[in-house]
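The sequence and the coordinates are displayed first.

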Amino acid sequence: QVMLVESGGGLVAAGGSLRLSCVASASIASFQARTWYRQAPGKRRELVAGITGGGITKYADSVKGRFTISRDNANSVVYLDMDNLKAEDTAAYYCAAGRTFSWDALTYNYWGQGTQVTVSA
């Protein structure tokens, strides 16, 4: 049973933009904290952005001012708009859901399968 499905990744030139989407199944609607993590080859998974059930947003310093997280509660979708992309943003991006927001990945109960973002220099 699929709980979270990401889409929107791809190949983009540096300075370009992408929008990632994460659709949640109705069965996990109560898990209101949604986050985007990323993991590049050989590196640890890091939190990129998060949004609480009340709409409070959190961002890693490396993406502040460039990435925007938002949600469409009616359709259980969370978006990550990524602008001014850099080569160092290249990674697999994962959506996660939990009951409360935390910077700790272990907090999250559900994870998507990931979508690859590749930024060419």
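## Disulfide link

A disulfide is taken here as a pair of cysteine sulfur atoms within 2.5 Å. The model under discussion is predicted. A search of the whole structure returns 1 disulfide. The cysteines concerned are C22 and C95, whose sulfur atoms lie 2.0 Å apart. The torsion about the S-S bond is -80 degrees, and the link of C22 and C95 is accordingly described as left-handed. C22 belongs to strand β3 and C95 to strand β9, so the pair ties together parts that are 73 residues apart in sequence. Both cysteines, C22 and C95, are buried.

## The antiparallel sheet

Strands of a sheet pair through backbone hydrogen bonds, in either a parallel or an antiparallel sense. In this model, 4 strands form an open sheet in the order β1-β3-β8-β7, with antiparallel pairing. Its edge strands are β1 (4-7) and β7 (67-72), each of which pairs on one side only. On average, neighbouring strands of this sheet are turned by 15 degrees against each other, direction ignored.

Strand β3 (residues 18-24) runs antiparallel to β1, and 4 bridges join the two. Within this pairing, V5 stands opposite V23, and S7 stands opposite S21. Strand β3 also pairs with strand β8 (residues 77-82), in the antiparallel sense and over 6 bridges; here the bridge partner of R19 is D81. Because 5 of the 7 residues of β3 are buried, this strand is largely enclosed by the rest of the structure.

## Strand β11 and its partners

Strand β2 (residues 10-13) pairs with β11 in the parallel sense over 4 bridges, and V12 has V119 as its bridge partner. Strand β9 (residues 91-98) pairs with β11 in the antiparallel sense over 3 bridges, and Y93 has T115 as its bridge partner.

Why is T115 classed as buried? Its relative accessible area is 12%, and the class of buried residues comprises those under 20%. The side chain of T115 reaches the backbone nitrogen of G9 at 3.2 Å. Leaving aside neighbours within four places in sequence, the contacts of T115 include E6, S7, G8, L20 and A91, together with its bridge partner Y93.

## Nonpolar cores

The largest nonpolar core has 29 residues, of which W36, F67, I69, L80, M82 and Y93 touch the most other members. The elements giving two or more residues to this core are β3, β5 (46-51), β7, β8, β9 and β11. Apart from this core lies another, of 6 residues, including Y37, L47, F101 and Y108.

Which residues are in contact with Y93, leaving aside its neighbours within four places in sequence? Among them are W36, F67, L80 and M82, which are likewise named among the core residues that touch the most other members. Further contacts of Y93 include E6, L20, V48 and V117, as well as T115. Y37, a member of the other core, is also in contact with Y93.

Methods
Residues are numbered from 1 along each chain as its sequence is written. This is a predicted model: local features need pLDDT of at least 70, side-chain atom pairs count only at pLDDT 80 or more; totals for chains, interfaces and linings use all residues. Side-chain values use heavy atoms; hydrogens and water are left out. Two strands pair if DSSP finds at least two bridges between them. Axes are lines fitted to C-alpha atoms, for helices over the stretch in contact, and angles run from 0 to 180 degrees between N-to-C directions. Buried means under 20% relative accessible area, exposed over 50%, partly exposed in between (1.4 Å probe, protein chains only). A polar contact is a pair of N or O atoms within 3.5 Å; within protein, one must be able to donate a hydrogen and the other to accept it, and residues adjacent in sequence count only if both atoms are side-chain atoms. Contact means heavy atoms within 4.5 Å. A nonpolar core is a set of buried Ala, Val, Leu, Ile, Met, Phe, Trp, Tyr and Cys residues joined through side-chain atoms within 4.5 Å.
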